Amino acid sequence: MRALFLTLLLAISAPLFAADADGLVGTWKLVSWQVIVENETPRNVFGAHPNGFLVLTREGRAIVLTTAQDRRPGMGDAERAALHKSMLAYSGKYRVE
């Protein structure tokens, strides 16, 4: 009975052990982003409906671009500074363990 239980448990959990990194490869659209800090109210840093994408490649590269929901174009120094504060972009390598 014990061996049957262990075999059944391993059969059920096998997909977890064999997580396929290729399942993550592709382009992902951001639908929400909250910062949650213990004992504080969750914050929507870029608004309730931010814009953004995450691209994951098979070679292990990640590219992210996120912008606030209500960005407005601007040409003056103050407007351009506000634009920089309402976006986030980065790239780098990732790995699945």
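A salt bridge is defined here as a side-chain nitrogen of Lys or Arg within 4 Å of a carboxyl oxygen of Asp or Glu. The structure holds 1 salt bridge. The model is predicted, so local features need pLDDT of at least 70, side-chain atom pairs count only at pLDDT 80 or more, and totals for chains, interfaces and linings use all residues. Residues are numbered from 1 along each chain as its sequence is written, and side-chain values use heavy atoms, with hydrogens and water left out.

The salt bridge joins the side chains of Arg95 and Glu97, with an N to O distance of 2.6 Å. Accessibility is classed by relative accessible area: buried is under 20%, exposed is over 50%, and partly exposed lies in between (1.4 Å probe, protein chains only). Glu97 has a value of 81% and is therefore exposed. Arg95 is exposed as well, at 68%.

Helices (H or I, at least four residues) and strands (E, at least two) are DSSP runs, numbered from the N terminus. Thr67 belongs to strand β3, which spans residues 61-67. Its relative accessible area is 15%, so Thr67 counts as buried. Contact means heavy atoms within 4.5 Å. With neighbours within four places in sequence left aside, Thr67 is in contact with Phe46, Pro50, Asn51, Ser86 and Met87.

Gly23 lies in the loop between α1 (2-17) and β1 (26-29). Its relative accessibility is 52%, so Gly23 is exposed. Arg58 is 35 residues from Gly23 in sequence. In space, the C-alpha to C-alpha distance between Gly23 and Arg58 is 9.9 Å.
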